[in-house]
Amino acid sequence: MFKHLKAVSGDPLLALIIAHKNDPNPKKIDLGVGVYKDDFGNTPILNTVKKAEAILLEQEDSKSYLGIFGASEFEPIIQNLVLGEGNELIRSGRIRSTQTPGGTGALKVAADFISANLQDARLWVSDPTWGNHKSIFHSAGVEVKDYPYYDPETNGLRFDDMMATLKAEVKEGDVLLLHACCHNPTGIDLQLDHWKALTDFVNERGLLPLVDAAYQGFGDGLDEDLAGLRYMAARVPDMLIANSFSKNFGIYRERCGGLSVIAETKDEADAALSIIGQAIRANYSMPPAHGAAVVYTVMSNPELKAEWELEVAEMRNRINGLREKLVAKLATSGVSKDFSFIKDQRGMFSYSGLTLEQVHALRNDYSIYIADTGRMSIAGVSDNNIDYLCESIVKVVG
């Protein structure tokens with residue numbers, strides 16, 4: 001039955017992780033993996049997560065199924081974090097939310113919902129976008145189109161080109177995928193004025209915005225990072241939001257996320273959630289419990305919540321500080337290229353502006369692992385390796 005099958009190439013980023021792991025060079029640096037790391041190269045468990053798990057160990061009394069939408073008490077946790085406590089949409093009932101297995105699970109359910117219920121809707125994604133976006137929506141039978149985003153000449157945003165393409169090519173009923181903050185892979189974010197222009201365009205053209213909020217808290221702040229999303233959510237009739245708790249709680253392997261649907265009325269939101277429930281049932285039946293229980297325990301305890309906010313700030317400040325250090329060291333190194341744009345980017349990732357040839361030279365000659373696109377994970381930089389990294393960049397760039 002399987003003799004006709006041919007192996008497919010794996011995810012290039014996963015292959016990069018394996019290559020780094022097998023590299024014997026003691027100076028090797030992994031700038032490919034998309035997880036937060038401390039100065040010692042570890043992905044730590046947050047203190048608040050450990051405290052929450054200790055509470056759960058004492059209080060948890062069942063391992064039974066949660067149900068299709070997860071724990072009912074988790075829905076307001078998702079909404080309050082994404083929209084802010086006391087938000088009018090929450091009070092009105094126009095937003096409904098469900099727990100999902102990570103942000104990826106939320107996107108997959110959204111893809112199935114769009115495919116089954118929004119006839120001929122096309123999904124528009126930034127060029128470039130997260131590598132898995134296209135695969136998820138293609139697998140659901142949704143046509144995916146690109147809009148301009150990254151400008152390799154300026155290492156900045158092509159917003160005018162983005163809007164020109166969208167105005168010329170999108171049709172009513174299409175879905176517009178936007179990154180809420182900390183754009184993966186470029187680190188280049190939409191500013192509030194951009195969100196305002198996009199909100200007007202969404203309403204004029206009759207589009208459904210789908211916002212991927214995977215890195216809340218890793219840019220400028222838990223509230224600041226979602227200012228654009230919240231502006232749009234308050235002014236459009238319908239929206240889908242996929243959010244992840246993997247990064248800001250450091251619970252990557254627990255697979256905890258959420259999918260929210262905003263509709264014009266409460267009844268429409270309830271109806272949409274019921275159909276989303278069908279997609280969940282057909283995908284994974286019901287979500288895992290542990291990650292959501294940890295998040296709920298932290299967010300429902302004022303002391304733990306305050307401590308968690310400090311931990312998120314610590315991770316954010318470390319990454320932003322590393323951006324500043326990297327730019328400063330490269331500037332004094334005599335390198336021929338201006339890397340100052342790196343400090344203006346946000347989140348764990350940066351489109352470094354390095355060419356494919358330079359990336360391969362760093363990998364082959366200096367054991368520095370960066371994606372072929374030049375995307376580097378700033379979280380992989382540390383005080384222990386930054387000098388070697390800068391020295392190596394100078395040698396390959398000139």
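## Strand E2 and its partner

In which sense do E2 and strand E10 pair, and over how many bridges? In this predicted model, E2 and E10 (residues 257-262) are antiparallel, with 6 bridges between them. Threonine 98 has leucine 259 of E10 opposite. Strand E2 spans residues 95-100 and is mostly covered, with 5 of its 6 residues buried.

## The open sheet

E2 and E10 belong to an open sheet of 7 strands, whose order is E2-E10-E9-E8-E7-E3-E4 and whose pairing is mixed. From one strand to the next, the twist averages 25°.

Parallel pairing is found between strand E7 (residues 175-179) and strand E8 (residues 208-213), over 5 bridges. There, leucine 176 has proline 209 in E8 as its bridge partner.

## Helices on the sheet

Helix H3 (residues 75-83) packs on the sheet and touches E2, strand E9 (239-244) and E10. The direction of H3 makes about 110° with that of E2. H10 also lies across E2 and E10, and runs at about 15° to E2.

## Packing of H12 and H14

Helix H12 (residues 302-331) packs with helix H14 (residues 386-397) at an angle of about 45°, and their axes are 10 Å apart. The two helices, H12 and H14, are therefore oblique to each other. Their crossing is right-handed.

On the H12 side, the residues in contact are Lys325, Leu326, Lys329 and Leu330. These meet Ile386, Asp387, Leu389, Cys390 and Ile393 in H14. By class, the contact of H12 with H14 consists of 6 nonpolar and 3 charged residues, with no polar ones.

## Backbone exceptions in loops

Most residues other than glycine have a negative phi, and most peptide bonds are trans. The bond from aspartate 127 to proline 128 is cis, with omega near 5°. Proline 128 sits in the loop between strand E3 (123-127) and helix H6 (131-139).

Positive phi values occur at asparagine 155, near 55°, and at serine 285, near 70°. Asparagine 155 is in the loop that links strand E5 (150-151) and strand E6 (156-157). Buried means under 20% relative accessible area, so asparagine 155, at 10% relative accessibility, counts as buried. Serine 285 is placed in the loop between helix H10 (266-283) and helix H11 (290-299).

How values were computed
Residues are numbered from 1 along each chain as its sequence is written. This is a predicted model: local features need pLDDT of at least 70, side-chain atom pairs count only at pLDDT 80 or more; totals for chains, interfaces and linings use all residues. Side-chain values use heavy atoms; hydrogens and water are left out. Axes are lines fitted to C-alpha atoms, for helices over the stretch in contact, and angles run from 0 to 180 degrees between N-to-C directions. Helices (H or I, at least four residues) and strands (E, at least two) are DSSP runs, numbered from the N terminus. Angles under 35 degrees count as roughly parallel, over 145 as roughly antiparallel, 65 to 115 as roughly perpendicular and the rest as oblique. A crossing is left-handed if the near helix is turned anticlockwise from the far one by less than a right angle, and right-handed if clockwise. Contact means heavy atoms within 4.5 Å. Ala, Val, Leu, Ile, Met, Phe, Trp, Tyr, Cys and Pro count as nonpolar, Asp, Glu, Lys and Arg as charged, and the others, Gly among them, as polar. Buried means under 20% relative accessible area, exposed over 50%, partly exposed in between (1.4 Å probe, protein chains only). Two strands pair if DSSP finds at least two bridges between them.
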